[in-house]
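Biologist: Please pick a single part of this model and give me a close look at it. I would like to know how it is built and what surrounds it, with the terms spelled out as you go.

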Amino acid sequence: MIISYIKFLFNSSNQHGVHSPFIYNFVTKGLYSKVKFKLKYNKTEQLIFKITNYFSFNSVLVIGNSTKNIVSLISETNSSSEIITGNDFTALNSKLKHKKLDFIFINHLNSILDFETLLNSIHNDSVVVINTPHNSTIWEQIKNHNATTVTVDCFYIGVVFFRREQAKQHFKIRV
């Protein structure tokens, strides 16, 4: 993991290496925002707090085990959000029928098929966050997927956007 992180640092940039106005604003006003945390959060939780604070999400899906803190953070920043939780992608399909989600947090992906099951529930402005993208090869498949237009790799999390008006790009941002 240390070697992966060193490689990431060597190949990543900060906001000055970003030429997309949308991503530049996301990085400078979202990921780099100076938020004072009341509690001690790990890096992933801090980033989720900043992302959900930057965007206003109405409908949220949190998938995976050990996500209680993530759900609490999202509730704190988007108190009026409808939050759906679950552990099994297949079981969630019935809960998500005809529902469009603004934000999806995935604690762990087993296959690209898990990601693809969610595509019926996204819209142009949906944001998907993958926890620890460097722990599997699925992150590369997501980056190259036809539905994905922009990804932001922050090492601890991978952020996926589906904005049709934007050219396909991949960013590695130090946070």
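Modeller: Happy to! A contact here means heavy atoms within 4.5 Å of each other. Among contacts in the protein between residues at least 6 apart in sequence, 59% join residues at least 24 apart. Please keep in mind that this is a predicted model: local features need pLDDT of at least 70, side-chain atom pairs count only at pLDDT 80 or more, and totals for chains, interfaces and linings use all residues. Residues are numbered from 1 along each chain as its sequence is written, and side-chain values use heavy atoms, with hydrogens and water left out.

Before the close-up, a quick tour of the whole. The protein has 7 helices and 7 strands, where helices (H or I, at least four residues) and strands (E, at least two) are DSSP runs numbered from the N terminus. Read from that end, the order is α-α-α-β-α-β-α-β-α-β-α-β-β-β. A compact globule of 175 residues would have a radius of gyration near 16 Å, and the 15 Å of the protein agrees with that; the radius is taken over C-alpha atoms, and the globule rule is 2.2 Å times the number of residues to the power 0.38. The C-alpha trace spans about 45 × 40 × 35 Å along its principal axes. Of the 175 residues, 49% count as buried, that is, under 20% relative accessible area, with exposed meaning over 50% and partly exposed in between (1.4 Å probe, protein chains only).

The part I would pick is helix α5, residues 89-96. Its buried residues are F89, L92 and L96. Seen down the axis of α5, these fall within an arc of 50°, so they line one face of the helix; the arc is that of the directions from the helix axis to the C-beta atoms. An α-helix has 3.6 residues a turn, so residues three or four places apart point the same way. The face turned away from the buried side carries the exposed residues T90 and S94.

What does the buried side of α5 pack against? Its partners are the strands β1 (59-63), β2 (82-86) and β3 (103-106), together with helix α6 (112-118). On the α6 side, we can look at D114, which sits in that helix. D114 is buried, at 11% relative accessible area. Leaving aside residues up to four places away in sequence, D114 touches L109 and F89, and F89 is one of the buried residues of α5.

The β2 strand deserves a look too. I83 belongs to β2 and counts as partly exposed, at 26% relative accessibility. Beyond residues up to four places away in sequence, I83 touches V60, V62, V71, I74 and S75. As for S94 on the exposed face of α5, S94 and I83 are 11 residues apart in sequence and 15 Å apart in space, C-alpha to C-alpha.

E82 is also in β2 and is partly exposed, with a relative accessible area of 37%. Setting aside residues up to four places away in sequence, E82 touches N58, S59, V60 and K99. E82 and L61 are separated by 21 residues in sequence, while their C-alpha atoms are 8.5 Å apart in space.

Just after α5 comes a backbone detail: H98 takes a positive phi of about 60°. Most residues other than glycine have a negative phi, and most peptide bonds are trans. T132, in the loop between β4 (127-131) and α7 (138-144), has a phi near 40°, and at 29% relative accessibility T132 counts as partly exposed. F155, in the loop between β5 and β6, has a phi near 70°, and F155 is buried with a relative accessible area of 6%.
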